[in-house]
Amino acid sequence: MNSQKKHLTDRVGVYAIIWCCSYVGSLFALQTLDIPSPAGIVLVVVTVLAFALFAYKYFRGIVQMDEVQVKIHMEAIVFSFSLGLLLLMTLGLLELVVGLNEDDWSYRHMLPVWLSFYFMGLFISKRKYQFDDEKHP
Amino acid sequence: MMKNTLKVERAKKNWTQAELADKIGVSRQAINSIETGKFVPSTVLALKMAHVFETSVECIFQLEASD
């Protein structure tokens, strides 16, 4: 990986951390502090903007990657998208049959689950294209 | 699906995977994946490889007999 690509990847990581911090901060503030609605909406918008910035940098990072790395990320995205849809569909149908506790299953719970699906997909895909240093000098 | 002589061409030039990767601007993982048949490169990448090996794409990549 050349230094320019490495720099871009590092920057994506920085924007991911910024988004995570803003999300956790907003979540904490909205759940624990008595914030008026307009201020709450501002917090939500700030988090959305942080995510939008991260998504833009992530997209630019993907474009800079080579074909195998793009494929790895695309497979991870397809994996997480499929499992996320499966989970949404299952929860949606289950909700009609049994009452789901909102403290256990809400939109907020979907985010970490969906992210974990992405990292699972990334792990699986990376293993597929893993290489052995000794076999292939 | 597709076989390649990348390893042979690389050996002729006495290049490591890392060196080849540097020459065509991809990761070593990409070279390894192509060499081991896990990944089929795009036309552009195949042409770049042919260029650095000073040969044709057909010399490096061939369809399997079943195709």
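1. The axes of helix H3 (residues 67-97) and helix H4 (residues 107-128) of chain A come within 7 Å and cross at roughly 140°. Axes here are lines fitted to C-alpha atoms, for helices over the stretch in contact, with angles running from 0 to 180 degrees between N-to-C directions. H3(A) and H4(A) are therefore oblique to each other; under 35 degrees would count as roughly parallel, over 145 as roughly antiparallel, 65 to 115 as roughly perpendicular, and the rest is oblique. By class, this contact has 13 nonpolar, four polar and two charged residues. (Ala, Val, Leu, Ile, Met, Phe, Trp, Tyr, Cys and Pro count as nonpolar, Asp, Glu, Lys and Arg as charged, and the others, Gly among them, as polar.)

2. A word on the model. This is a predicted model, in which local features need pLDDT of at least 70 and side-chain atom pairs count only at pLDDT 80 or more, while totals for chains, interfaces and linings use all residues. Residues are numbered from 1 along each chain as its sequence is written, and chains are lettered from A and ligands numbered from 1 in the order in which they are written.

3. Now the two chains together. In chain B, 14 residues are in contact with eleven residues of chain A, contact being C-beta atoms, placed from the backbone, within 7 Å. Helix H3 (residues 28-35) of chain B brings the largest share of chain B's side, five residues. That side divides into five nonpolar, seven polar and two charged residues.

4. The largest nonpolar core has twelve residues, including A:Val68, A:Ile72 and A:Ala76 from chain A and B:Leu20, B:Ile31 and B:Phe53 from chain B. Such a core is a set of buried Ala, Val, Leu, Ile, Met, Phe, Trp, Tyr and Cys residues joined through C-beta atoms within 7 Å. H3 of chain A, and H3 and H4 of chain B, each supply at least two of its residues. B:Leu6 also belongs to this core; leaving aside neighbours within four places in sequence, B:Leu6 is in contact with B:Ile34, B:Glu35 and B:Ile60.

5. Within chain B, H2(B) and H3(B) pack at an angle of about 110°, their axes 8 Å apart. They are therefore roughly perpendicular to each other. The contact takes in five nonpolar, two polar and one charged residue.

6. Two backbone spots to look at. Most residues other than glycine have a negative phi. B:Asn14 has a positive phi of about 60° and sits in the loop between helix H1 (6-13) and helix H2 (17-24) of chain B; B:Asn14 is exposed, with 7 other C-beta atoms within 10 Å. B:Glu54 has a positive phi of about 55°, in the loop between helix H4 (43-52) and helix H5 (57-60) of chain B. B:Glu54 is exposed too, with 9 other C-beta atoms within 10 Å.

How values were computed:
Two residues are in contact if their C-beta atoms, placed from the backbone, lie within 7 Å. Helices (H or I, at least four residues) and strands (E, at least two) are DSSP runs, numbered from the N terminus. A residue is buried if 20 or more other C-beta atoms lie within 10 Å of its own, exposed if 12 or fewer, and partly exposed in between; C-beta atoms are placed from the backbone.
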